[in-house]
Amino acid sequence: MVITKRFGDWYEIIIPAEWEMYNPQELFKDYWQAPKKLIHQMRMENDVKLNGEKIAWHLPIKRGDKLQIRLFKEEKIHLAPFYYELEVLYEDDHLAVFNKPANMDTHPNSNDQNDTLANAATFHMQASGELRNIKHIHRLDKNTSGAILFAKHPLAGAILDKLLEERVIKRTYYALVHGIVNINKGVIEQPIGRDRHHATRRRVSSSGQSAKTNFEVIEKFPKEKLTLIKCQLDTGRTHQIRVHLSYIGHPLAGDELYGGKPLFNRQALHAAKLEWPHPFTKEMIKVICPPPSELLPYFQSAVK
């Protein structure tokens, strides 16, 4: 594990042996894969030091060197803060995981919308004395509940974006579907595109984007003709789980848009677990998000 420490606005990292192959420019560009614009900004604003001195960006770094990065300075806030009693599932200086309730958007869809999870996360940051923008790394549909990962500064956001793209961040969902699923495990690999006949609906389409959903049966409810399944995503297309499960004849309970019956006032889909390596220390983090009360009678097996 990489040894780190915070000093006010600055974050100090003790260079481990495996980083000796890099100079600072390569560390940011190749190892962390930070955007060129962010690296340039850090260079122009002298936000990076080595052993307390102005850094030479093209000279090699050595094991035991102390790399200091100014990650926590104040920023102009882009989103209006919205007071909401958020459930914080995990938080440190760099990132946070919040439990998004159903019937809340992840982020604003228009300039006048300010009651989203991102707005509430902005309020949470300000209430904690952190005047910086906070950015969601992935999204959930409005009526899907569960864990969403946020980055608390741009470098963490860039690293986490790349981890998500490379499928290093593992997302586990639980879904209650109509019908009895007869196979214990399966993979749905069908491209997803827009439905030309509906403004928001997606569908399996040969011209769509590639999409892959892995699923496993957790519990069957023969009397109600329902099945609880666990899903893990290799891709993150809009409505992916909803589209794929409807495609194989097992729409989500409550998901009327994709053929489900109104057993709930929302689709029975919950983001239950996130697993990923910390962007700086490399420590593995696992966050569990318990299902909400309206789903709990069917989701008991998911919390055991």
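Modeller: A polar contact is a pair of N or O atoms within 3.5 Å, in which, within protein, one must be able to donate a hydrogen and the other to accept it, and residues adjacent in sequence count only if both atoms are side-chain atoms. The model is predicted, with local features needing pLDDT of at least 70 and side-chain atom pairs pLDDT 80 or more, while totals for chains, interfaces and linings use all residues. Residues are numbered from 1 along each chain, and side-chain values use heavy atoms, without hydrogens or water.

Biologist: At the start of helix 3, which backbone nitrogen does a side-chain oxygen of threonine 116 reach?
Modeller: Helix 3 covers residues 117-127, as a DSSP run (H or I, at least four residues; strands are E, at least two; both numbered from the N terminus). The side-chain oxygen of threonine 116 comes to within 3.3 Å of the backbone nitrogen of alanine 118.

Biologist: How many of the 11 residues of helix 3 are buried?
Modeller: Buried means under 20% relative accessible area (1.4 Å probe, protein chains only). The buried residues are Leu117, Ala118, Asn119, Ala120, Ala121, Thr122, His124 and Met125. Helix 3 is thus mostly covered, and the number buried is eight.

Biologist: Which strands are included in what covers the buried residues of helix 3?
Modeller: The protein chain has six helices and 17 strands. With contact taken as heavy atoms within 4.5 Å, the cover includes strand 6 (87-91), strand 7 (95-100) and strand 9 (145-151).

Biologist: What share of the 304 residues in the protein chain is buried?
Modeller: The C-alpha trace spans about 70 × 40 × 40 Å along its principal axes. Of the 304 residues, the buried share is 48%.

Key: Buried < 20%, exposed > 50% of the residue type's maximum accessible area, 1.4 Å probe, protein only.
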